[in-house]
Number of protein chains: 2
Amino acid sequence: MKVSQLGEFGLIEYLKNRFYLEEVGDDTACVKVGDSLLLLTCDTLLEGRHFLDSYPMSAVGWKGVSACVSDLIANGGKPLYLLVTLLLPDVELKKVDELYEGITRACEFYGVKLVGGNVVKSERLGIDFFGVGLTERFVGRGGAKVGDGIFVSGTLGDSLAGLELILMEKRHYEDFELRLIERHLRPTARIDYIAHISKYANASMDISDGLSSDIQHMAKRSGLRFSIQKEKLPLSRELLEYAKRHGKDPYSYALRGGEDYQLLFTHPPSRINPFLDMTQIGTVEEGEGVFLDGAPLEAQGFDHFKS
Amino acid sequence: MKVSQLGEFGLIEYLKNRFYLEEVGDDTACVKVGDSLLLLTCDTLLEGRHFLDSYPMSAVGWKGVSACVSDLIANGGKPLYLLVTLLLPDVELKKVDELYEGITRACEFYGVKLVGGNVVKSERLGIDFFGVGLTERFVGRGGAKVGDGIFVSGTLGDSLAGLELILMEKRHYEDFELRLIERHLRPTARIDYIAHISKYANASMDISDGLSSDIQHMAKRSGLRFSIQKEKLPLSRELLEYAKRHGKDPYSYALRGGEDYQLLFTHPPSRINPFLDMTQIGTVEEGEGVFLDGAPLEAQGFDHFKS
């Protein structure tokens, strides 16, 4: 059998069972060292797969750091340290410089320290980040409780619309289009949610593969039924405008669009914090599976191995 | 300017200065979390560059873990946790299985726990390891003192001879040849040296690029002169036999051969531990540079970007 027949999640599941990696399955691994609970995670961006050669290199660096930091936040952690492995073809030094500038700027923004790394010659450009965070309480995917509200931060689907706009290679982009493109190129990990997640969330993860795909993992690991409503999905004005112009369904973007790096989490509805841009999109119930307006929801996210 | 014009070490030096990464330059980064001193490191193996398609996949997994663990030990750390990013083409599942088996076996051997990872589709097979260790006292490259003895663990040059033997693609290998090949395919990180390094070493690193190259970094960062003697370099019987058969200079293998994952460290000669296979190869003196039998020694190691 080939890896592509299993797909990304099938492969992880296979390796988990085959090698007894019970802990694997959250955005980060939680380990105790001394009296500290540490979160460890890694995230990779490869040219041609996660970004295009035409992207500003500083954006690629920014995005890589954001993806890694987002995982730490999703599990209730404060990001502390980062290491980066650069896979480098024989490119212009300027390109590496820009990439590193994006990395260091993002590190400053997130208050994270870049403490080390590695450069390796490679045919394709790539960056692999390792992140270390500190938490008071680990919040994984499996802790949702019956009666919890299901929440997301920010708006969904913007990054996918931004990617489509980039691929159109238009000569001129309007303001709302540039904002969508920016959300694809330089997503912001939700550091403003760290305290909220670590204090109140029963289950949490970041939305990197698309809501319809990621929420399945949370429902499965929590062993409960996740019921969400389409009309509750938070959409940006920019996405609505984009969908209108191109005759698309904006909800489809919110459901399948990945790389928004928003958070998906559950807790009692009473824990809503009005100062955060969170939206309740549904409720955790007895049972299993994910339901959208009462009908089973299929994962529409991106599987790197199958596609 | 292109990356190849700078070379691997030139690039690291450039990035260090350009982005004020003062701490970068040891095998690991040392950070304090709570009351614990943690060591963080990453190591990458790429197909075609660090291993060949024909290698047993379990050996590749073993070697990747060993390289990462070796960095932690070199700085006085006890290896604790590992994460692994798999860069995977659409290969047979069997191949991934064997790779993972090598990884988990090595983890068991070194008493390290594999707590997480990542799979990413890629054109070339690769593995990137992230290691976390705990130390009582960080031992870097820069701490050598005048009067210290310069020591190495084990024997040097075996891995390079093993690589050459593999590339010969012989039908039949003799026993001593198989042992050299084994040292290339499945090097053992020196976990037996953890206590010795963390207690007594003033400076320490692992020899992954070749003694003549790695020792330059230690001399430079310590700001002292490293004088070593050729005849003191520890050679295995297998390497001596190999050199004799092929009319080669075994000392050249010991000086330029990388991937032995032996340790290079300094401390007062009185600290020699007769129960460890350590050899004093020279002395730390006032001055600068590295001298072999009184003559300046050039780095003959492998630069991934220049070659």
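This is a predicted model: local features need pLDDT of at least 70, side-chain atom pairs count only at pLDDT 80 or more; totals for chains, interfaces and linings use all residues.

Reader: OK. Which residues does UniProt list for "binding site" along with H50(A)?

Author: The unreviewed UniProt entry lists E259(A) and F302(A) with H50(A) under "binding site".

Reader: Where is H50(A), and is it buried or exposed?

Author: H50(A) is in the loop between strand 2 (36-46) and helix 2 of chain A. Its relative accessibility is 11%, so H50(A) counts as buried.

Reader: And where does E259(A) lie?

Author: E259(A) is in the loop between helix 9 (250-256) and strand 9 (262-267) of chain A. At 17% relative accessibility E259(A) counts as buried, because the cut-off is under 20%.

Reader: What does E259(A) touch?

Author: Leaving out residues up to four places away in sequence, E259(A) touches K63(A), S159(A), H184(A), P187(A), I207(A) and S208(A). With K63(A) there is also a polar contact between the side chains, at 2.7 Å.

Reader: What else does the "binding site" annotation cover, besides D27(A)?

Author: The UniProt annotation, again from an unreviewed entry, covers D71(A) and D206(A) as well as D27(A). They are spread over 180 residues of sequence but cluster in space, with a largest C-alpha distance of 7.7 Å.

Reader: Where do I look for D27(A)?

Author: Look in the loop between helix 1 (3-18) and strand 1 (29-33) of chain A. D27(A) is buried, with a relative accessible area of 11%. Among the residues D27(A) touches are D71(A), D206(A), T41(A) and R141(A). The side chains of D27(A) and R141(A) are joined by a polar contact of 2.9 Å.

Reader: And D206(A), is that in a strand or a loop?

Author: D206(A) is in strand 7 (residues 203-207) of chain A. Its relative accessible area is 1%, so D206(A) is buried. D206(A) touches D27(A) and D71(A), and its other contacts include D214(A), Y261(A) and L263(A).

Reader: Changing topic. How many residues of helix 2 of chain A are buried?

Author: 17 of the 18 residues are buried, so helix 2 of chain A is largely enclosed by the rest of the structure.

Reader: What span should that helix have?

Author: At 1.5 Å a residue, the 18 residues of helix 2 (residues 57-74) of chain A should span 26 Å. The end C-alpha atoms are 26 Å apart, which agrees.

Reader: What comes just after helix 2?

Author: Just after helix 2 of chain A, G76(A) has a positive phi of about 85°.

Reader: Now the two chains. How many residues are in the contact?

Author: Chain B gives 67 residues and chain A gives 66 residues. The area buried between chain B and chain A is about 5800 Å², and carbon and sulfur atoms give 66% of that.

Reader: How many salt bridges and polar pairs are there across the interface?

Author: There are 2 salt bridges across the interface of chain B and chain A. One of them joins the side chains of R124(B) and E123(A), at 2.3 Å from N to O. The interface also has 24 residue pairs in polar contact.

Reader: Which elements of chain B touch chain A?

Author: The elements of chain B that give two or more residues to that side include helix 1 (3-18), strand 3 (77-88), helix 3 (93-110) and strand 5 (126-135).

Terms used:
Residues are numbered from 1 along each chain as its sequence is written. Chains are lettered from A and ligands numbered from 1 in the order in which they are written. Side-chain values use heavy atoms; hydrogens and water are left out. Helices (H or I, at least four residues) and strands (E, at least two) are DSSP runs, numbered from the N terminus. The expected span of a helix is 1.5 Å times one less than its number of residues. Buried means under 20% relative accessible area, exposed over 50%, partly exposed in between (1.4 Å probe, protein chains only). UniProt positions are given in the numbering used here, feature names are shortened, and annotations may be inferred rather than shown by experiment. Contact means heavy atoms within 4.5 Å. A polar contact is a pair of N or O atoms within 3.5 Å; within protein, one must be able to donate a hydrogen and the other to accept it, and residues adjacent in sequence count only if both atoms are side-chain atoms. Buried area is the accessible area (1.4 Å probe) that two parts lose on being put together, summed over both. A salt bridge is a side-chain nitrogen of Lys or Arg within 4 Å of a carboxyl oxygen of Asp or Glu.
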